[in-house]
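Here is a short tour to read alongside the sequence and the 3D view. Keep both open as you go.

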Amino acid sequence: MTPASAPLPKRLSGHATGPGRPWPMGATFDGDGVNFAVFSAHAEKIELCLFSPDGRKELARIPFRERDGDIWHMHVGGLTFGTVYGFRAHGPYAPEQGHRFNPHKLLLDPYARALEGRLRWSDALMGYKIGSPRADLSFDTRDSAFAVPKAVVTDTSFSWGDDRLPRIPRSETVIYEAHVKALTERHPAIEKGMRGTYLGLASDPMIDHLQRLGVTTIELLPTQHFVDDRFLVAKGLKNHWGYNTLAFFAPEPRYMCKGALWEFQTMVRRLHSAGIEVVLDVVYNHTGEGDQWGPTLCYRGLDNASYYRLADGGRHYVNDTGTGNTLNLTHPMVLRMVMDSLRYWVETLHVDGFRFDLATVLGREAQGFDPNGGFFDAIRQDPVLAHVKLIAEPWDIGPGGYQLGQYPHPFHEWNDQFRDGARRFWKGDPGLTADLSKRVLGSAERFDHSGRSATSSVNFITAHDGFTLEDLVSYTVKRNWANGEDNRDGHHENHADNLGVEGPSDDPAILAARALRKRNLLATLMLSQGVPMLLAGDEIGHSQGGNNNAYAQDNETTWLDWAKADQGLTAFVARLSQLRRDFPQLRQRRFLHARQRPADGLRDVIWRHADGREPQGHVWHDPAFRALGVELRMAAEGGDPGPGAVLLYFNAGPATPLTLPDTAGWQLVLDTTRPDVTLGPAPKDLPAQSVLMFRSTPSEDDPKGGK
């Protein structure tokens with residue numbers, strides 16, 4: 001069926017139009033009017049639709065008459081900033097061949113910088129007739145304009161002043177993963193009108209908190225415009241996390257006070273002035289249009305066969321993301337859109353980097369995942385992106401989806417093996433000490449290749465996806481009933497331990513055990529090689545009531561309750577950050593392999609029993625071996641030759657006599673069983689369930705000791 005000839009309203013205005021240019025993509029004001037450029041390889045006709053400022057009334061429909069390759073373009077005189085518009089695309093409606101053109105469906109510009117209105121769920125959004133015997137092969141003729149957000153021609157200029165990217169070295173980075181609204185919505189010191197917004201995040205109370213924690217880099221859950229899934233809206237829920245992107249260039253307006261781009265830019269500028277980087281969690285693996293049963297909002301209607309990876313002749317979508325569709329980054333124009341988007345956020349909005357959701361999708365070529373594939377080649381050669389932080393979530397649900405350690409330099413990677421190994425060690429699972437030794441040294445078996453550094457691993461205990469730290473020590477079973485999926489969603493294996501009581505408890509012994517477990521987990525995170533990532537709220541004891549998949553909970557389940565903040569735990573996290581800053585042995589660029597240092601003949605890593613002996617081969621696999629010590633110096637190759645050292649002990653077992661090694665004099669600087677002790681002599685025993693840290697004592701040659 002080819003509905004290009006179907007009767008449509010003929011509301012054309014007297015705007016002066018010209019051929020315009022095929023670049024830049026999207027809508028660009030040039031002083032005389034606006035240039036429009038949009039990609040479609042398979043459309044037969046594209047129309048520009050102009051709307052009233054509130055987006056409710058279509059004022060004009062103007063056909064594109066110029067096409068340069070697959071880019072349709074025109075210039076419309078007299079238009080300016082604030083113009084509200086959309087597209088309609090004519091072409092074959094042939095789902096079996098991958099084409100789903102339907103000019104009755106208004107389409108969002110893929111390069112929209114700002115939007116007017118929000119998505120209103122309606123059957124009219126579908127390109128097919130719901131309930132038809134022909135299913136998605138049927139054709140719907142209802143106009144969807146009333147239900148679709150429109151693009152707005154946007155002035156992106158901003159007074160940045162002397163703003164500079166902090167460019168925190170990888171070895172000094174401490175990441176704080178946060179949600180704009182959840183972090184700020186209930187903070188009593190933030191003005192009410194700014195809570196839950198970009199401006200709230202940039203407020204003095206929030207910046208003071210981040211600086212106290214020693215955070216160098218805030219990693220924000222998706223802030224590119226996203227849509228709420230229809231099934232969630234039907235349940236009275238929202239897509240709280242935001243992993244359902246529709247517009248890759250537009251900041252999400254629900255986090256704005258006045259719906260203006262400058263609010264996001266102000267947030268970035270203020271965080272930069274505090275020395276804090278802004279990294280965005282971006283979702284270039286799929287869009288909010290879903291599978292063949294989803295709405296026609298943008299990419300599907302402009303050129304379904306180009307934007308998406310298709311299967312079964314084109315009717316169905318490859319679903320390597322678990323969301324219904326997969327963007328086709330092997331297509332040059334789709335890859336160009338992603339690259340243009342990344343550059344826009346860096347050049348125009350001054351962000352410092354990106355965390356790529358389900359990043360394996362981005363590197364999957366025809367033959368499978370390829371670390372030298374088109375996306376990776378494009379991003380590594382780009383001079384704009386060369387200096388920003390790049391973080392991969394190194395898996396998806398597609399074939400060969402788990403690719404931890406396989407990403408090219410300079411990518412960091414979320415390390416789920418650190419998460420699971422640390423959780424299991426402290427939970428008391430037998431035989432985990434050897435695994436912990438790998439995680440403490442930056443998972444070299446995964447990352448030490450191809451010139452990659454020991455900062456390649458992003459270590460974490462918790463993240464947005466899973467239990468919070470408080471829930472990790474309070475629940476053994478997830479409680480996701482509020483999500484409306486009968487508790488089927490979320491991770492089933494969490495390596496969690498409730499320390500004796502499921503859920504909240506007022507038993508002092510249980511509370512003390514939970515507090516100690518949290519300190520041990522946090523100390524393991526902050527004292528390990530690699531880049532540590534904290535989950536916002538863990539430092540104040542935030543609980544989600546056992547919900548380990550709170551993606552739809554835009555409510556007090558996820559909003560941090562600052563009135564109940566655990567100030568002692570906050571102070572402990574701040575102290576761990578200070579220790580990490582003070583002792584470069586904890587945050588080295590080079591991997592440590594127990595090699596002899598030319599400066600003093602000592603190895604850069606020496607493993608220890610509590611009695612000072614070095615573990616032998618068979619002991620590493622002994623289930624009873626639960627107290628691990630490690631003596632750290634700067635790397636033998638290329639490291640600081642100074643004699644300073646630190647000594648760490650991780651004891652997931654009972655108390656045991658402690659004999660410190662004679663390679664140096666030692667001074668206690670951390671004991672998780674006594675969090676208020678900051679400096680002191682070595683104890684006689686290694687306490688049960690503890691992390692201890694010592695520094696080598698000062699000498700004439702090294703007056704700062706371990707520093």
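This is a predicted model: local features need pLDDT of at least 70, side-chain atom pairs count only at pLDDT 80 or more; totals for chains, interfaces and linings use all residues.

## Burial and overall form

What percentage of the 707 residues of the protein count as buried? The figure is 62%, where buried means under 20% relative accessible area, exposed means over 50% and partly exposed lies in between, with a 1.4 Å probe and protein chains only.

Along the principal axes, the C-alpha atoms fill a box of roughly 90 × 50 × 50 Å.

Residues are numbered from 1 along each chain as its sequence is written, and side-chain values use heavy atoms, leaving out hydrogens and water.

The average pLDDT (the predictor's confidence in each residue, from 0 to 100) is 95, and 96% of the residues score at least 70. Please take care with residues 1–13, where the pLDDT is below 50; this stretch has 30 contacts in the model beyond near neighbours in sequence. A contact means heavy atoms within 4.5 Å.

## Elements and contacts

You will find 14 helices and 33 strands in the protein; these are DSSP runs numbered from the N terminus, with helices (H or I) of at least four residues and strands (E) of at least two. Among contacts with a separation of 6 or more, 72% are between residues 24 or more positions apart.

## Backbone spots to look up

Most residues other than glycine have a negative phi, and most peptide bonds are trans. Trp23 and Pro24, however, are joined by a cis peptide bond with omega about -10 degrees, and Pro24 sits in the loop between β1 (17–18) and β2 (26–29). Another cis bond runs from His409 to Pro410, with omega near 15 degrees; Pro410 belongs to the loop between β23 (389–392) and β24 (412–415).

Ser450 has a positive phi of about 55 degrees in the loop between α11 (444–447) and β25 (457–460), and counts as exposed because its relative accessibility is 67%. Leu499 has a positive phi of about 60 degrees in the loop between α12 (469–472) and α13 (508–526), but counts as buried because its relative accessibility is 19%.
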